[in-house]
Amino acid sequence: MWRIRTPLPQEARRTLGQYPPFMAQVMYNRGLRSLSQAQAFLSGNPVSHDPFALPSMETAVQRLHKALQMHETVAVFGDFDVDGISATALLATALRPFGCQVIPYIPHRSEEGHGLSIQAVQQLAAQGVRLLITVDNGISSYDEIAAAAEAGMDTIVTDHHLPPHRIPPALAIVDPRLPSSRYPFPDLTGAGLALKLAQGLHQVARLPTVGHLPTLNALASLGTIADVAPLLDENRSIVQLGLSAITHSPSPGLAALLRIARLEGRPIDTEAVGWMLAPRLNAAGRIDSAADSYRLLVTQSPEEALGLAQSLEQQNRLRQEMTETAYQQAKASLTVGAQEPALSLPKGLAPLLMISDRSFSVGVIGLVAGRLAEEFGRPAVVVSQGQEFSRGSCRSVPWFNIGQALYQVDGEVGGFVRHGGHAQAAGFTIATERLPLLGQALVRLAQESLDTGGEGGQEAPALPAIDVDMEMSLGAIPRDIYRWLQALAPFGPGNSEPVFLSRGVQIADVRPL
């Protein structure tokens with residue numbers, strides 16, 4: 001479905017009159033309605049909010065600073081996706097100049113799953129950890145953080161996921177989505193919050209700001225792009241600085257990854273990170289352990305970096321094969337209605353697609369769900385089914401908040417071990433016997449969202465939609481359009497790459513890529 005935006009109103013045409021008409025239309029479509037907003041957006045001046053405006057940041061920084069002064073062992077507990085890996089590497093890198101002994105811990109996807117575990121807490125306590133910092137997770141780990149306190153550890157949670165009803169008993173919780181938060185920008189990622197913690201620490205320690213250190217900016221931008229965060233406000237600045245760092249002064253690990261991905265010597269943009277670098281960094285955690293990806297991001301050895309990059313390349317190829325096999329199997333189940341291994345799939349286009357199978361690898365279910373959601377324009381839930389417990393990954397569409405939906409059905413369905421996520425991506429672990437109830441509850445909520453116009457008033461189209469900024473005949477395209485449009489970069493969620501429509505054109509050539 002083509003959705004063509006409303007032509008620029010006359011008042012906006014006057015307000016933005018110093019820009020070419022197509023540029024004024026594109027900026028207006030992105031919410032830049034005044035001249036001052038447009039000028040600020042195009043200026044490229046970095047936006048960096050005060051880290052101490054984040055909830056509990058003062059407490060977190062003071063405790064971390066004390067740990068450094070007392071030479072305590074600090075554990076950084078991350079996640080196995082790019083945001084979690086980047087956040088872990090960022091904080092470990094930021095603490096290195098202090099001479100701090102940092103124990104990085106990235107859980108194993110298939111053996112441990114997302115988030116803290118009692119096993120991990122016990123292991124870290126045995127290693128003498130007295131301060132535990134979570135990055136990109138922790139907001140839903142009540143029991144585990146309580147266990148850490150019993151083991152003599154203070155915990156600082158840095159997380160950007162939706163907070164549950166029961167907040168964990170951590171020393172400090174740095175999450176811009178807490179109801180009490182007054183931080184002006186709530187959409188930082190795990191890596192973005194790790195950067196803010198590092199900034200706060202350097203302010204207290206009276207060291208030069210880390211905001212301009214290329215390596216930290218590069219790591220923060222990786223997590224921000226890979227987590228599909230809105231590229232607005234502070235995120236846009238993080239990505240602008242980070243892409244420049246990756247292009248002009250990459251770390252040994254990123255330099256090796258650029259070489260393997262055949263991006264060496266090219267300007268790096270969000271597309272290169274999202275489609276070339278991030279999948280390779282994600283591959284290790286999808287196939288086995290994400291340790292190789294972490295080591296790649298922190299190594300100072302070009303030789304070690306090249307070997308790690310080559311390993312990630314091999315794992316990424318295997319990941320592609322596994323994803324394609326699972327995707328074709330999932331699509332086949334959609335054509336046969338509600339037969340096993342499909343769950344909650346009536347014939348035709350259901351309001352929500354949910355597929356469960358014992359053969360699905362937990363490493364690729366999120367990718368399969370994403371492809372289904374994109375192709376069919378419906379929320380998709382793909383489940384790796386186990387004998388006793390099953391793990392699911394969810395990808396959604398603008399009109400349905402899948403993260404909130406899991407919270408809504410929690411009490412009704414029961415059986416959740418854990419769940420969490422965002423509006424467009426989430427995950428869960430649940431008792432296998434509760435899967436049918438979960439499917440029914442989510443389908444019902446998706447149908448209600450369709451009937452009422454969708455999340456946040458978003459139109460819920462019957463087909464996947466393409467938003468078109470404006471119509472423009474090919475002959476009317478100005479020669480300097482590329483230069484103008486690049487001033488809006490980096491492109492991503494919240495600031496999508498402009499799309500124009502020309503009618504009545506003749507196709508001269510088609511080249512499959």
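## Salt bridges

A search of the whole structure finds 16 salt bridges. The model is a predicted one. Side chains of opposite charge can pair when their charged atoms come close. Several of the bridges are described below.

One of them pairs D467 with R3, with the closest N and O atoms 2.9 Å apart. Since D467 belongs to strand 13 and R3 to strand 1 (residues 2-4), the pair ties together parts that are 464 residues apart in sequence. D467 has a relative accessible area of 39% and is partly exposed.

D143 and R166 form another salt bridge, in which the closest N and O atoms are 3.5 Å apart. D143 is in helix 7 (residues 142-150) and R166 is in the loop between strand 5 and strand 6, so this pair ties together parts that are 23 residues apart in sequence. How accessible are the two partners, D143 and R166? D143 is partly exposed, at 47% relative accessibility. R166 is also partly exposed, at 49%.

R317 and E313 meet through their side chains in a salt bridge of 3.6 Å, N to O. Both residues lie in helix 14 (residues 302-334), where they are four residues apart, about one turn of the helix. E313 has 13% relative accessibility; the cut-off for buried is under 20%, so E313 counts as buried.

Salt bridges that share partners also join R63, E72 and D154 into one network.

In what order do the strands of the open sheet run? Five strands form this sheet, in the order 3-2-4-5-6, and their pairing is parallel. Strand 3 (102-105) and strand 6 (172-174) are at the edges; each has a single partner strand, so one side of each is left without a neighbour in the sheet. From one strand to the next, the twist averages 15°.

Strand 2 (residues 73-77) and strand 4 run parallel and are joined by five bridges. Within this pairing, V74 has L131 of strand 4 as its bridge partner. Strand 4 is joined to strand 5 by five bridges as well, and these two strands run parallel.

In strand 6, I173 is the residue opposite V157.

## Aromatic pairs

How many aromatic pairs does a search of the whole structure find? The search finds four. One of them is formed by Y19 and W484, which are edge-to-face, with 6.2 Å from centre to centre and 85° between the planes. This pair links distant parts of the chain: Y19 is in the loop between helix 1 (10-15) and helix 2 (21-29), and W484 is in helix 18 (residues 481-486), 465 residues apart. Y19 and W484 are both buried.

F416 and F428 make another pair. Their ring centres are 6.0 Å apart and their planes are at 85°; planes over 60 degrees apart count as edge-to-face, so this pair is edge-to-face. F416 is in strand 11 (residues 416-421) and F428 is in strand 12 (residues 425-431), twelve residues apart. Both F416 and F428 are buried.

## A nonpolar surface patch

Which residues make the nonpolar surface patch of about 370 Å²? The patch is made by W2, I4, I466 and V499. I466 is located in strand 13 (residues 466-468), the strand that also holds D467, the salt-bridge partner of R3. At 45% relative accessibility, I466 counts as partly exposed.

Note on methods. Residues are numbered from 1 along each chain as its sequence is written. This is a predicted model: local features need pLDDT of at least 70, side-chain atom pairs count only at pLDDT 80 or more; totals for chains, interfaces and linings use all residues. Side-chain values use heavy atoms; hydrogens and water are left out. Two strands pair if DSSP finds at least two bridges between them. Axes are lines fitted to C-alpha atoms, for helices over the stretch in contact, and angles run from 0 to 180 degrees between N-to-C directions. Patches are made of residues with over 30% relative accessible area and no salt bridge: like charges are joined within 9 Å, nonpolar side chains (Val, Leu, Ile, Met, Phe, Trp, Tyr) within 5 Å. Accessible areas come from the Shrake-Rupley method with a 1.4 Å probe; for residues, only the protein chains shown count as cover. A salt bridge is a side-chain nitrogen of Lys or Arg within 4 Å of a carboxyl oxygen of Asp or Glu. Buried means under 20% relative accessible area, exposed over 50%, partly exposed in between (1.4 Å probe, protein chains only). Rings of Phe, Tyr and Trp (its six-membered ring) pair if their centres lie within 6.5 Å; planes under 30 degrees apart count as stacked, over 60 as edge-to-face and the rest as tilted.
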